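Here are my notes on the charged pairs in this one. Have a look at the model first, then read on.

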Amino acid sequence: MTYKKALEIQNAVISLYPNEKCTLEYSNALELLIATRLSAQCTDERVNIVTPTLFNKYHNVEEYAKADITDIEKIIHSCGFYKDKAKSIKEMSIQIINNFNGQMPNTLEGLKSLFGIGRKTANLIMGEIFKMPAYITDTHCIRLSNRLGFCKTTEPQKVEMILRKYILEENSLKFCHGLVAHGRKVCKSRSPLCAECTLSEYCVFNKSK
C-alpha cells in the first residue's frame, strides 16, 4: 500500500459516506461508553432498543455504582452476555468514581483501564466525545481493511496500527464510520455486492475472485 493510494481510498470512502455517524444513540460520554459495551456481539439496533430504559433509570456513575446488579441484568438481558456486561457497567462506574474523580477519562490508556473496555471502545470514545484521532477496528473495519489492501490480518490491534500509519488523523473517525457503513450496506461478509460497489477498483478481494 502506498500513501498515495491510501489517500485515494480515504477520500473515496469519505466522499461516499460524508455524513456517516455512530449508530449508537447517546446523549453523553457515559451513555456512549455503556452503549458500546452492550454492543459487543450484539447489534446496534438491539442496543438502541434497550438503552432508553437503562438511561432513564440510571443517570450518572454514582447511580450505576450503587445499582442492584440484578436490575441492570434484567434491563439489558436481550443484549446477550448480560451478566458480564452488567458487571462491567457497575465496576467501571466505580472505577470512574475512585480513579478519575467521577469524570470520564480522556486518554486511550485511561479508558482501557476501565473494567471490560478494550481498544475499540476506547477509540470510539476518544473520537466521538473528545474529538481526538480514532481508529475503530470493529468487524466491518477489519474486513474492509483487508479487502481494500491495507493489511492481511484480522487482529484488531494490528489493523489499528496499520491504519494509524496510512489514514490521516483528521480523517480517522469519518473513515472508520464510512467503512462500517459500506460493510453493512455493500461489502458484506458472506455475500458482498461487488457489482454495486463503487470502491471495487481498490478491492483486492474482488480482483481475486
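**Notes on the salt bridges**

1. Glu155 comes out partly exposed, at a relative accessible area of 44%; partly exposed is the range between buried (under 20% relative accessible area) and exposed (over 50%), using a 1.4 Å probe and protein chains only. Its partner is Lys158, and the two side chains meet in a salt bridge at 3.5 Å, N to O. Lys158 is partly exposed too, with a relative accessible area of 45%.

2. A word on the ground rules. This is a predicted model, where local features need pLDDT of at least 70, side-chain atom pairs count only at pLDDT 80 or more, and totals for chains, interfaces and linings use all residues. Residues are numbered from 1 along each chain as its sequence is written, and side-chain values use heavy atoms, with hydrogens and water left out.

3. How many salt bridges does the structure hold? There are eight, each being a side-chain nitrogen of Lys or Arg within 4 Å of a carboxyl oxygen of Asp or Glu.

4. Arg184 and Asp44 make one of them, at 3.2 Å from N to O. Arg184 sits in helix α11 (residues 172-185) and Asp44 in helix α3 (residues 44-57), so this pair ties together parts 140 residues apart in sequence. Helices here are DSSP runs (H or I, at least four residues), numbered from the N terminus. Arg184 is partly exposed at 34% relative accessibility, while Asp44 is buried at 14%.

5. Then there's Glu160 with Arg119, whose closest N and O atoms are 2.7 Å apart. Glu160 belongs to helix α10 (residues 156-166) and Arg119 to helix α8 (residues 119-128), 41 residues apart. Both Glu160 and Arg119 are buried.

Technical notes
Helices (H or I, at least four residues) and strands (E, at least two) are DSSP runs, numbered from the N terminus.
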